[in-house]
Amino acid sequence: MNKCITSGKIYVSKSTIPNAGRGVFALNDIKKGEIIERCPVLQVPENDVSNLNGSFLVTYFYYLGKDKNKIAFALGFGSLYNHTYKPNAQYKGNEKDTEIKFIALYDIKKDEEITVNYNQGKIKNKNPLWFEE
């Protein structure tokens, strides 16, 4: 297992997105293509997945794996990145990874909120989110 070190590039504060609660923000300017954060993940065992459907945690997990059939919670600030259909970052991970990487899609300015498209890391996917259906 690799060492897990905080990036020192981000902080958490009140989101600029209405009703979103907290969000992740750039501590300094971040360049396009730069890894913002590497978050270790906790994969949910298949027999525990059904327990999540009625939980508030449904809005905090990620789908991973080739077929997007694995569920994982990102530690670090990973579960606090907010969703938008016009993200400035994306996440990448799979079922074999022990982490999710958040990567800048564009240059991000200091104090700008960092957002991702929750639709399985596909930045142009405009489908409704799983917890909104």
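Predicted model: local features only at pLDDT ≥ 70, side-chain atom pairs only at ≥ 80, totals over all residues.
First, the ground rules. Local features need pLDDT of at least 70 and side-chain atom pairs count only at pLDDT 80 or more, while totals for chains, interfaces and linings use all residues. Residues are numbered from 1 along each chain as its sequence is written, and side-chain values use heavy atoms, with hydrogens and water left out.

I will start with the sheet. Strands here are DSSP runs of E, at least two residues long, numbered from the N terminus. Two strands pair if DSSP finds at least two bridges between them. An open sheet is formed by 4 strands in the order S1-S2-S9-S6, with mixed pairing. S1 and S6 are at the edges and have a single partner strand each, so one side of each has no neighbour in the sheet.

Now the pairings of S2. Strand S1, residues 10-14, runs antiparallel to S2 and is joined to S2 by 5 bridges. Phe25 has Glu113 in S9 as its bridge partner.

How much of S2 is buried? Buried means under 20% relative accessible area, exposed means over 50%, and partly exposed is in between, with a 1.4 Å probe and protein chains only. In S2, 4 of the 5 residues are buried, so the rest of the structure largely encloses this strand.

Next, the core. A nonpolar core is a set of buried Ala, Val, Leu, Ile, Met, Phe, Trp, Tyr and Cys residues joined through side-chain atoms within 4.5 Å. The largest one has 21 residues, and Ile36, Tyr81, Phe102 and Ile114 touch the most other members. Among the strands that each supply at least two residues of this core are S2 (22-26), S3 (35-43) and S9 (113-116).

On to the aromatic rings. Rings of Phe, Tyr and Trp (its six-membered ring) pair if their centres lie within 6.5 Å; planes under 30 degrees apart count as stacked, over 60 as edge-to-face and the rest as tilted. The whole structure has 3 aromatic pairs. Tyr11 and Phe25 are stacked, because their ring centres are 5.6 Å apart and their planes are at 20 degrees. This pair links distant parts of the chain, with Tyr11 in strand S1 and Phe25 in strand S2, 14 residues apart. Tyr11 is partly exposed at 25% relative accessible area, whereas Phe25 is buried at 4%.

Tyr81 and Phe102 make another stacked pair, 4.1 Å centre to centre with 10 degrees between the planes. Tyr81 is in the loop between S5 and strand S6 (82-83), and Phe102 is 21 residues away in strand S8. Both Tyr81 and Phe102 are buried. Ring pairs join these two and Tyr91 into a cluster.

A brief stop at Leu64, in strand S4 (residues 61-64). Leu64 is buried, because its relative accessibility is 1%. Its C-alpha atom is 9.1 Å from that of Gln43, 21 residues apart along the chain.

Last, backbone angles. Most residues other than glycine have a negative phi. Asn19 has a positive phi, near 65 degrees, and sits in the loop between S1 and S2. Asn19 is exposed, at 84% relative accessibility. Asp111 has a positive phi of about 70 degrees and lies in the loop between S8 and S9. Asp111 is partly exposed, at 44% relative accessibility.
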